[in-house]
Amino acid sequence: MAILQEMADVLVVGNANKVKELTEKALAEGITPGNIIREGLIPGMAVVGERFKKNEIYVPEVLIAARAMQAGLGIVKPMLSEAEAAQRLGTVCIGTVKGDLHDIGKNLVAMMLEGAGFEVIDLGVDVVPDRFVQAVKEHSATHVALSALLTTTMVTMKETIEALADAGLRDSVKVMVGGAPVTQSFADDIGADGYAPDSGTAVDVAKELIGVA
Ligand code: B1M
């Protein structure tokens, strides 16, 4: 539909007012909230993610595009029927690990995942392992996404994975890790299911982990 393509296009350039206006217009034309998300907002954020991965755009542009996405999402999300909400790709509990207060990268990852169609539960910063465990239970999460920016806090990623295992949740949830000091080999060592170097790739990894192309 032309209006949804236009919505995606204006989202990519970060025009929040236009996204809001087109979202309201689409609803008035009888397009469902689910279709607005799937065919307008998600394709727009997918373009943003790809451009960010290729270094064609940078953090400020992503933040501006994410704000535009939120302008539309904020209107349609409360209107989603249970059936439409169930079509979400999965539920991700994301947070910056215990002892670590850096959240810019974590917020980018959260926005990209939400823009890709995941329900995102953002637990914030300095998140202790038990808080992740509690959130996974509470939201029946499919993924846990851990961010760390300090070499001293990376160790808490392992503690969090162990806490999930101790709670009997390790087999029911995919754990992905990232942040500037984190590497694929570190992720393998601590038994994470996935690693991503940036927020665009985080979306690909989150999908791959549940077998979505
Ligand atoms: Co801090 N800091 N900082 N800092 N800080 C770094 C990380 C540091 C590298 C600076 C340096 O020394 N060169 C250094 C860490 C050294 C190390 O351990 N290797 C450092 C330090 C030492 C500290 C303090 C200890 C300083 C002090 O007080 N002595 C202190 C620690 C506080 C704490 O956390 N307990 C501290 C504090 C702070 C501020 C509060 C001032 C501020 C944070 C503000 C905030 O986040 N709200 C801050 C900042 C801004 C930085 C730098 C400058 C920038 C980090 C950032 O936001 N980058 C950073 C130096 C640098 O990186 N140049 C530095 C932009 C962001 C988009 O990138 O977070 O890497 P990034 O996220 C990327 C990817 O990593 C990935 O996707 C994102 C987007 O592509 N990604 C994931 C991130 N999480 C992911 C999760 C995934 C997948 C991908 O899956 C789950």
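Author: Leaving aside its neighbours within four places in sequence, T23 is in contact (heavy atoms within 4.5 Å) with M7, I36, G72, I75 and V76. This is a predicted model, in which local features need pLDDT of at least 70 and side-chain atom pairs count only at pLDDT 80 or more, while totals for chains, interfaces and linings use all residues. Residues are numbered from 1 along each chain as its sequence is written, and side-chain values use heavy atoms, with hydrogens and water left out.

T23 itself belongs to helix α2; helices (H or I, at least four residues) and strands (E, at least two) are DSSP runs, numbered from the N terminus. T23 counts as buried because its relative accessible area is 0%, where buried means under 20% relative accessible area, exposed over 50%, and partly exposed in between, with a 1.4 Å probe and protein chains only.

One of the contacts of T23 is M7, which is also among the buried residues of α1, together with I3, L4, A8, V10, L11 and V12. The cover over these buried residues of α1 includes α2, α3 and α4, and just after α1, G14 takes a positive phi of about 80°.

V48 is buried, since its relative accessibility is 0%, and, with neighbours within four places in sequence set aside, V48 is in contact with L11, V12, I57, V62, A65 and M112.

These residues lead to the nonpolar core, a term for a set of buried Ala, Val, Leu, Ile, Met, Phe, Trp, Tyr and Cys residues joined through side-chain atoms within 4.5 Å. The largest such core has 46 residues, and those that touch the most other members are M7, L11, I36, L41, M45, V48 and L113. Two or more residues of this core come from each of α1 (2-12), α2 (16-28), α3, α4 (59-76), β1 (91-96), α6 and α10 (199-209), and α4 gives the most, with 8 residues. This core also draws at least three residues from each of domain 1 (2-85) and domain 2 (91-209), domain bounds being those of an automatic or database domain assignment. Apart from this core lies another one, of 28 residues, among them A148, I161, V173 and I190.

As for L113, its contacts, again leaving aside neighbours within four places in sequence, are V92, F118, V120, A202, V203 and A206.

How do the two domains stand to each other? Their centres, taken over C-alpha atoms, are separated by 25 Å, and 15 residues of domain 1 are in contact with 13 residues of domain 2.

Altogether 26 residues surround the ligand, and the closest are L101, H102, D103, S147 and T151, a residue being near a molecule if one of its heavy atoms lies within 4 Å of it. One of these, S147, is 99 residues from V48 in sequence and 21 Å from it in space, C-alpha to C-alpha.
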